[in-house]
Amino acid sequence: MATQHARSAARLMLAPAVILLLGWMLVPLTMTLVFSFKKYLPLRGGDLGWVGFENYVRFVTSSAFWPSIWATLIIVGGVLVITIAFGIALALLLDQPMWGQGIVRILVIAPFFVMPTVSALVWKNMFMDPVNGLFAHLWQFFGAEPIQWLSQASLPSIIMIVSWQWLPFATLILLTAIQSLDSEQIEAAEMDGAPWTSRFIYIILPHLSRAVTIVLLIQTIFLLGIFAEIFVTTQGSFGTRTLTYLIYQRVLESQNVGLGSAGGIYAVILANIIAIFLMRIVGKNLDA
Amino acid sequence: MGRITLDKVTKSFGEVNVIPPLDLTINDGEFVVFVGPSGCGKSTLLRLIAGLEDVTSGQIRIDGEDATRMAPAQRGLAMVFQSYALYPHMSVRKNIAFPMKMAGIPEDEQKRRIDSAAKALNLTDYLDRRPGQLSGGQRQRVAIGRAIVREPSAFLFDEPLSNLDAALRVGMRLEIMELHKRLATTMIYVTHDQVEAMTMADKIVVLRAGNIEQVGSPLELYREPRNEFVAGFIGSPKMNIFGGNPAQQHGAQKIGVRPEHIAASTEAGTWQGVVGVAEHLGSDTFLHVHETGLAETITVRVDGELSVKHGDRIFLTPEADKIHRFDAQGLRA
């Protein structure tokens, strides 16, 4: 164990980083809290004084609130299901020895390097455009009426775009988990007479549970805040207004900083509730 | 039943030929040990028998039936792996039940077999624990339990004791031998430790670079090693093998004498040398004798009570009828 002296030295040296991090987090949070209790309209009179919980009440009672919560949950849930299911399948495939493995793995990871704004624009203009998009051509090739993706199937479209971005992340983490599986365990199961499906259900899936937990937690945290994909595609219309997007509209489109800040505090609470639930449900996996 | 026959079996990984054509018969109920230095192909051979590797050519027959292309599970063999390969997220009970569950054996029969295996292996108190909560020896027993409940026609052990400490290894060695006596099932056991091979086997198969160097009972191999390699590999400490004048006197290219077949004396003898390191085991002492003019070091087993010091002059006399002669090819002459 470290001596008393070494421990105090360690604290001293850690202090700048800790103070910086705390400041980075606490200052915006405190400002949001302060604004949420004020009537603050930058273009219509500025700071108009304290209003108590009025902003909070107005934000929740607005007709846009509950639909935005649902949209958020549907997008997060949909992306999680797709990325984990396809992530496991892709990881299993990539784990097989094959020709050109290195290049294929880099290609699979590539979408993660594309900025959200860019990938959303590429999807919107090159794939989902009802006139010139690839999907439109594909539909026409089979004699079908092209779908107007972003207006007729707006939520599935957003889920598809975001899943495409996050699939590499899930695949990567699940692939490393599969690679850490002791091959003797699979061989033992083979000797024990387990067909492929049983080996997958009884050996591979339980082995992956920890990695799935990590993917679930990390992705949930990031997906609750997706913004760029909605901003460049539907602008929050056709039922794609998530909580994050609603807050953005309140602050910048309605120029009501107080109301938006109250929404921000709700978002913090929602994220924490989900985090606690997830920890409860899947946290057990991390202890084992 | 568990009679396994290998007929001209070969195995190559790409260009590399690991097992040249190899014939071997393992009789029902035998305890056969594959032994050899690392990389000699002994584990590969076991995996070929298990079906975890495909043979490149040749035929494997189990109880007369061609098993060359059979899936591992259909061969009716059970394997105990070096890493035990227990399923970490299942309790001991579920681990042992897994092969029976896969075979669709009824629940009550499963329970009966688990109970009897647990009793035989002293695992009754641990059935609801996970492998991670068990010691190395207990994990080993769970792995054996998982093999037993399948009631296989033969057991395959792949260096099962190499992850255990020395004391535990001796204990587990005895348990496996007892198990063999009780079940009277064929067992194939792979090890690089010749002491394990000597103490456990009915029949030892000595392998080098995929070739079988000799097959025989432990004492046959000890008394009449077929060549220089087997002579040097079987027996502890190693046999002294050297050429030169003394070998020619016995009409051979090289001769070998085991440390226990050399008498040491401080007064007179056939050869003489200077005592180097002495390893005291209590009952015996192993002397490393230098400057004999035979080989760099000659190892001699002497009585634990003989008192010699480093640097003492010592005289050695081999037992005339225990000298092994080898020709230029290293074969027994």
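Is the crossing of H3(A) and H10(A) left-handed or right-handed? I looked it up, keeping in mind that this is a predicted model: the crossing is right-handed.

Next, the geometry. H3 of chain A covers residues 65–95 and H10 of chain A covers residues 196–223. I get roughly 145° for the crossing of their axes, which come within 10 Å.

Then I listed who meets whom. From H3(A) I noted A:Ile75, A:Val76, A:Val79, A:Leu80, A:Thr83, A:Ile84, A:Gly87 and A:Ile88. Across from them, H10(A) brings A:Leu208, A:Val212, A:Val215, A:Leu216, A:Gln219, A:Thr220 and A:Leu223. Sorted by class, the residues of this helix contact come out as 11 nonpolar, 4 polar and no charged.

On to the contact between the chains. I count 13 residues from chain A and 15 residues from chain B. On the chain A side, the elements giving two or more residues are H9 (183–191) and H10. H9(A) gives the most there, with 6 residues. The classes on that side of chain A are 5 nonpolar, 3 polar and 5 charged.

Last entry, the domains of chain B. The domain assignment has domain 1 at 4–232 and domain 2 at 238–326. Taken over C-alpha atoms, I find 38 Å between the centres of these two domains of chain B. Their contact takes 4 residues from domain 1 of chain B and 7 residues from domain 2 of chain B.

Key:
Residues are numbered from 1 along each chain as its sequence is written. Chains are lettered from A and ligands numbered from 1 in the order in which they are written. This is a predicted model: local features need pLDDT of at least 70, side-chain atom pairs count only at pLDDT 80 or more; totals for chains, interfaces and linings use all residues. Axes are lines fitted to C-alpha atoms, for helices over the stretch in contact, and angles run from 0 to 180 degrees between N-to-C directions. Helices (H or I, at least four residues) and strands (E, at least two) are DSSP runs, numbered from the N terminus. A crossing is left-handed if the near helix is turned anticlockwise from the far one by less than a right angle, and right-handed if clockwise. Two residues are in contact if their C-beta atoms, placed from the backbone, lie within 7 Å. Ala, Val, Leu, Ile, Met, Phe, Trp, Tyr, Cys and Pro count as nonpolar, Asp, Glu, Lys and Arg as charged, and the others, Gly among them, as polar. Domain bounds come from an automatic or database domain assignment.
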